[in-house]
Every structure is written in C-alpha cells, then in structure tokens.
Amino acid sequence: MNLRALLLDVDGTLADTEETHRTAFNDAFRALGLPFDWSPEDYEALLRVTGGKERLRHFLDGLDIDSSERLRLKALVPRLHETKTARYAGLVAGGATGLRPGVARLLGEARAAGLALGIATTTTRANVEALLDAQLGREAIGWFAVLACGDDVASKKPAPDVYRLALSRLGISPDEAIAFEDSANGLAAAKAAGLFTVVTPCWWTRNEAFPGADLVLPHLGDPAMPLPADAIARTGWPFLTLAALREHARDRTPVAA
Ligand code: XBP
Ligand code: MG
C-alpha cells in the first residue's frame, strides 16, 4: 500500500463525544421548552441514525402524536439542531471530552511522516473545529488537508459520500489511504468507499458488529495506556504505531465491504 493519507472519523473515533452530544440535545429540548429527555439507552438506539437533524426527525416520527403536532415539532428541527450545536460547541470548548488514547500520538506520527490528514465525519464543521481547538490547539485545524463534514454531502454515513469527497479533495485513490472509524455506519461508509479501515469501537458502539473491518482494536493505545493484554497477544503491539499500521496494511488488500 502506497500510504499517502489517514482519514479520520470524529465522533467516537477522535474522541468519545456522544455523551456530550446527548447532553447538548437534552439542553436544546429544554431551551425550546420541549418535554423530551434522551436517556443513554434511548440515545444508544437513536445513534443508529447518523446526523443530528436526521436523528431528531427519526425520533419525532416514532412519537405517538397526531400529524399536526408532528409537523409542528418537525418544523422546529433546524432551530433545535442549531441550539444543540451551539451548546455542544460550548461544552467541548469547556473541555467536556478529551481525545481517545493514541489519537494525538498517531496524528503526530502521520504529520512527521508527511502523510496527509483528512476528516470524514457526519457532524458539523463547527463541532470539528471546537473539538480540535479545545484538544489540540488553534493551529490543529490546519493539520487537516480536508474536512469532509455531514452537510457537505447528499447522503450521510453509511453512504460513502463523505469518504469519497475527502479522497477527491486530496486527489488520492482509496488504496492510498486508511480510514479510522468507531461505528458500524462509519465502517460501512469507509468500506463502500474502498478503504482499508481500522475500527476502534467506543462505549456507544460497543455492541455493534463490524463486518469487513480490516483491523479492530479497543483503542489505538499509548505508552501510558497500552492496549489490553488480549489485543497485544493478537497483534504483537503494545499500541498502534504508524509503522506497525503500514506493515500490517502493506500487503493486505482491504477486506471487501
Ligand atoms: C456521528 C454522528 C453525528 C453526531 C452528532 O458522527 O452521527 O450525527 O452523533 O453530531 P461521526 P451532529 O461520523 O463523526 O461519527 O448533531 O452535528 O450530527
Ligand atoms: Mg463516529
């Protein structure tokens, strides 16, 4: 594999952000005077629908209310999501969620090796900027040659659109990049785009299946937070380095979607 770029998902992959998203959704419901409050159990099921606006509409479709009330509530979705996004960015700016183990290290290794970095996410650009700024500093957004975000494409994950957009903007082919994901929807999107895909499930996706994943690890690991013993026994790595990943992917053709 002539590796030229790493393409990273955001929510669940760079950071385990979904509890902060859940809080922001519930705060937005309260701010608009709506009687909804998503429990962790509710939200784990709702996460099967990617995209906050789409998730809200899916939730409203499932309510036992009359059609006029459903229409009234659906008309609020854009404002609800704007309120939620502002609240989420504020929580993240306040340090609500840190990067997952190994993310900052692997980004540094990739930059030192001259690889391009790309973001391929369902969330909004504002949310990506808030997270990178809070966790890696103001200059970090400039490390990424492409930010392909949810509203940049017609179809969100599991459609491959956001990965195809990132590859196109980088001017590289699928066999020149490796994708990093946390969810079944994200994996499906990356595989449909033809990418070798590393999956590091987060708490919210721990019960999902990851058919076709080229590598599944509990996280990327760090010297201070090595992989669990079973992952080390399986891979031989105390944590995933860029060199180990290159070697692992070198003669591996990506598993078909
Ligand atoms: C995960 C998502 C997003 C977030 C909420 O995105 O599906 O919808 O849950 O963010 P990723 P928005 O592809 O990064 O895992 O409300 O901005 O959609
Ligand atoms: Mg994700």
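Side chains of opposite charge can pair when their charged atoms come close. In the predicted model, 20 salt bridges are counted. One of them joins the side chains of Arg30 and Asp27, with a nitrogen-to-oxygen distance of 2.6 Å. Both of these residues belong to helix H1, which spans residues 18-31, and they are 3 residues apart, about one turn of the helix. Asp27 has a relative accessibility of 17%, and because the limit for burial is set at under 20%, Asp27 counts as buried. Arg30 also forms a salt bridge with Asp37, for which the N to O distance is 3.6 Å. These pairs belong to a network of salt bridges that links Asp27, Arg30 and Asp37 with Arg87.

A further salt bridge is found between the side chains of Glu109 and Arg105, at 2.9 Å from N to O. The two residues lie in helix H6 (residues 103-112) and, because they are 4 residues apart there, they are separated by about one helical turn. Their accessibilities place them in separate classes: Arg105, with a relative accessibility of 16%, counts as buried, whereas Glu109, with a relative accessible area of 24%, is partly exposed.

Helix H8, which comprises residues 161-170, carries the buried residues Val162, Tyr163, Leu165, Ala166, Leu167 and Leu170. After H8 comes Gly171, a residue with a positive phi, near 70°.

The surroundings of ligand 1 consist of 21 residues, of which the closest are Gly52, His81, Lys84, Thr121 and Thr123. Gly52 approaches the ligand through its backbone, with an N or O atom 2.7 Å from an oxygen atom of ligand 1. For Thr123, in turn, a polar side-chain atom is placed 2.7 Å from an oxygen atom of ligand 1. Asn127 also takes part through its side chain, an N or O atom of which is 3.3 Å from an oxygen atom of ligand 1.

Note on methods:
Residues numbered from 1 in each chain as written. Chains lettered and ligands numbered in written order. Predicted model: local features only at pLDDT ≥ 70, side-chain atom pairs only at ≥ 80, totals over all residues. Heavy atoms only, no water. Salt bridge = Lys/Arg side-chain N within 4 Å of Asp/Glu carboxyl O. Buried < 20%, exposed > 50% of the residue type's maximum accessible area, 1.4 Å probe, protein only. Near = heavy atom within 4 Å. Polar contact = N/O pair within 3.5 Å; in protein donor to acceptor, adjacent residues only side chain to side chain.
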